[in-house]
Amino acid sequence: MTATHDSPTAAGSGDSATKAFRASRGSASAGPTVSQERVSEVVTDLLAGIHSTIRSKKVTYDEFQAAKQYLIDVGEGGEWPLFLDVFVEHVVEDVAAEAQDGTKGSILGPYYLPGQVRIDTPATLPKRPDEQGTALLFAGQVRDTAGNPLPGAELDIWQADDEGYYSGFAPHLPDGNLRGVVVADAEGKFEIHTIEPAAYQIPTDGPTGALIEAAGWHPWRPAHLHLMVRAPEHRTITTQLYFRGGEWLDSDVASATKSELILDPVDNGDGTHSVTYDFTLEPA
Ligand code: DHB
Ligand code: FE
């Protein structure tokens with residue numbers, strides 16, 4: 001990668017991700033909607049897991065204090081959305097998927113921004129005049145679980161650029177770059193012109209990166225497109241699509257890949273790529 005600009009910092013990305021998360025919650029707070037019984041049963045089990053690790057690994061006072069410092073640093077760095085979406089969300093998604101038919105879901109991640117430009121199919125995602133990366137035509141159809149086309153379907157799509165950066169979080173990118181809500185046609189069909197994203201490296205200069213380095217892991221996610229696919233009276237699917245042969249597919253730091261979600265683009269002979277992928281939504 002040639003750096004022609006300052007890379008976004010972990011603190012900057014973390015701060016923006018925290019703000020976006022707060023905005024997505026509106027004025028909601030966990031308190032009134034979660035029963036005392038539920039809080040007690042979940043938190044008791046969670047703490048039991050921590051207690052059990054301390055006993056089985058014979059965690060020392062020094063390690064406990066280091067952990068305390070670490071958790072304080074994650075909070076001060078605004079990295080909780082990054083940390084939780086990388087290390088925890090995939091299991092929440094697995095549990096949600098147990099009760100879901102249709103296209104497989106995957107994690108939302110920290111970089112969704114609502115309210116992007118709506119574009120009728122055939123759509124070209126907003127991009128810079130000199131946007132780098134292999135041109136990709138991504139087409140398909142949204143249907144219900146009985147195979148009927150879903151008119152009025154929308155594909156809310158967001159992705160990293162050819163350097164692995166997300167608009168709205170990397171300061172050098174224009175707002176809304178490579179983001180849009182694509183409105184499918186009367187048969188639920190869509191065509192989206194975009195570019196193939198690069199693999200994404202979670203910010204390494206903050207506490208999440210420090211943990212990854214301290215543990216000898218790597219900070220990479222395979223290249224992916226994020227999608228929220230909606231249609232009236234159907235359950236919205238939040239998912240990600242990956243690219244066959246992409247690096248890190250088998251060792252995603254966020255453990256969010258699924259074999260059903262891998263695209264197989266073909267080369268059109270002129271260096272551009274095309275791929276089709278159909279979505280199935282279950283009734284709401
Ligand atoms: C993170 C970033 C992503 O693009 C993603 O899809 C999941 C997690 C992160 O930095 O936490
Ligand atoms: Fe992502």
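Predicted model: local features only at pLDDT ≥ 70, side-chain atom pairs only at ≥ 80, totals over all residues.
**Exercise 1. Describe the iron site.**

Which residues coordinate the iron ion (ligand 2), and are Tyr166 and His226 buried or exposed?

Solution. 
1. The donors are Tyr166 (OH), His224 (NE2) and His226 (NE2), at 1.9 to 2.1 Å.
2. Along the chain these donors of the iron ion (ligand 2) have the spacing Y-x57-H-x1-H.
3. Tyr166 lies in the loop between strand 4 (154-159) and strand 5, while His226 belongs to strand 9 (residues 224-230), 60 residues apart.
4. The cut-off for buried is under 20% relative accessible area. Tyr166, with 3%, is therefore buried, and His226, with 4%, is therefore buried as well.

**Exercise 2. Describe the lining of the largest pocket.**

Which helix gives the largest share of the lining of the largest pocket, and how do the lining residues divide by class?

Solution. 
1. The largest pocket holds about 660 Å³ of space.
2. Its lining has 15 residues; Ile50, Val59, Glu63, Ala67 and Leu71 lie nearest the centre.
3. Helix 3 (36-56), helix 4 (61-76) and helix 5 (80-87) each give two or more residues to this lining.
4. Helix 4 supplies the largest share, six residues.
5. By class, the lining has ten nonpolar, two polar and three charged residues.

Technical notes
Residues numbered from 1 in each chain as written. Chains lettered and ligands numbered in written order. Heavy atoms only, no water. Donors = N, O, S within 2.8 Å, 3.2 Å for Na, K, Ca; no water. Helix = DSSP H or I, 4+ residues; strand = E, 2+ residues; numbered from the N terminus. Buried < 20%, exposed > 50% of the residue type's maximum accessible area, 1.4 Å probe, protein only. 1 Å grid on protein atoms, 1.4 Å probe; cavity = no way out; pocket = protein on both sides within 12 Å on 5 of 7 lines; lining within 4 Å. Points joined across faces, edges and corners; volume = space filled by probe spheres on them. Nonpolar A, V, L, I, M, F, W, Y, C, P; charged D, E, K, R; others polar.
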